[in-house]
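Please prepare a short briefing on the pockets and salt bridges of the structure shown here.

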Amino acid sequence: MQERLSGPLDDPGDGGVIDAFGALLPEGEYLPLLLSVEPQMIIPGKAGDYFSDEQVTAWGAISSGASPEHPHTPYYRTFETAVDADAHLYEFVVPMVPPTWNEWERVEEYVARMEQGTVPTAVAVSTLDVCRPAISFGDDPSVHWGLTHFLLDGHHKLEAAATAGRPVRLLSLLTLGESLAGADDRARLPALRAQPRSARATGT
């Protein structure tokens, strides 16, 4: 399976990947999505951090100390697009171990492959959460669609892609029972994810 995922996966059901990783997951209903992502590693509290930027702009600081939420781990931002005038989709990839635990030799190996045109495949279990504040103290209150991928395989690949500025393919197994989104919202996700990437214009 490692060798199969070292290159691009062209179909979600190709090579028994879903069966292999599905055996690791709780019994439930999952929607497989095969995505192309270009990850940017984010350090909490630094430039690009969703929790200290977009979330605060939309809803205000929500902790009792008037500080932004802290995710307590570096993570990757990969995509965002408009849902409508009052809603925006944000996509994240969350590693299950800190990137500092990655073996740098393996990261460098993937960087070299990517620079030669290889596009490896990572696998994640994912959730879609559609959230709106009950009370907003932000400058641009809006509904946030959070598509979050929790890596099952591909920690070295994601860091390599972020380092090299290259894409990686991601097989997302979206859990329908654990997502905070209705059936109509989930049905819109493939089309939204196929839209061009666009940042939200705040204050409009």
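Is R113 buried, partly exposed or exposed? R113 is partly exposed, with a relative accessible area of 28%, where buried means under 20%, exposed over 50% and partly exposed in between, using a 1.4 Å probe and protein chains only. This is a predicted model, in which local features need pLDDT of at least 70 and side-chain atom pairs count only at pLDDT 80 or more, while totals for chains, interfaces and linings use all residues. Residues are numbered from 1 along each chain as its sequence is written, and side-chain values use heavy atoms, with hydrogens and water left out.

**Salt bridges**

- The structure holds 7 salt bridges, each being a side-chain nitrogen of Lys or Arg within 4 Å of a carboxyl oxygen of Asp or Glu.
- R113 pairs with E109, their closest N and O atoms being 2.6 Å apart, and both residues lie in helix α3, 4 residues apart, or about one turn of the helix; helices (H or I, at least four residues) and strands (E, at least two) are DSSP runs numbered from the N terminus.
- E109 is partly exposed as well, with a relative accessible area of 41%.
- D153 forms a salt bridge with K157 at 3.1 Å between the closest N and O atoms, and K157 is buried, with a relative accessible area of 4%.
- Salt bridges that share partners also join E54, R77 and E80 into one network.

**Second largest pocket**

- The second largest pocket has a volume of about 200 Å³; on a 1 Å grid over the protein atoms alone, a pocket is an open set of points where a 1.4 Å probe fits, with protein on both sides within 12 Å along at least five of seven lines, and lining residues have an atom within 4 Å of a point.
- Its lining includes E109, R113, D153 and K157, and α3 (104-115) and α4 (155-164) each supply at least two lining residues.
- The lining divides into 1 nonpolar, 5 polar and 5 charged residues, with Ala, Val, Leu, Ile, Met, Phe, Trp, Tyr, Cys and Pro counted as nonpolar, Asp, Glu, Lys and Arg as charged, and the others, Gly among them, as polar.

**Largest pocket**

- The largest pocket has a volume of about 300 Å³, and of its 16 lining residues the closest to its centre are Y50, F51, F92, G146 and T148.
- β6 gives the most to this lining, with 4 residues.

Definitions and conventions
Points joined across faces, edges and corners; volume = space filled by probe spheres on them.
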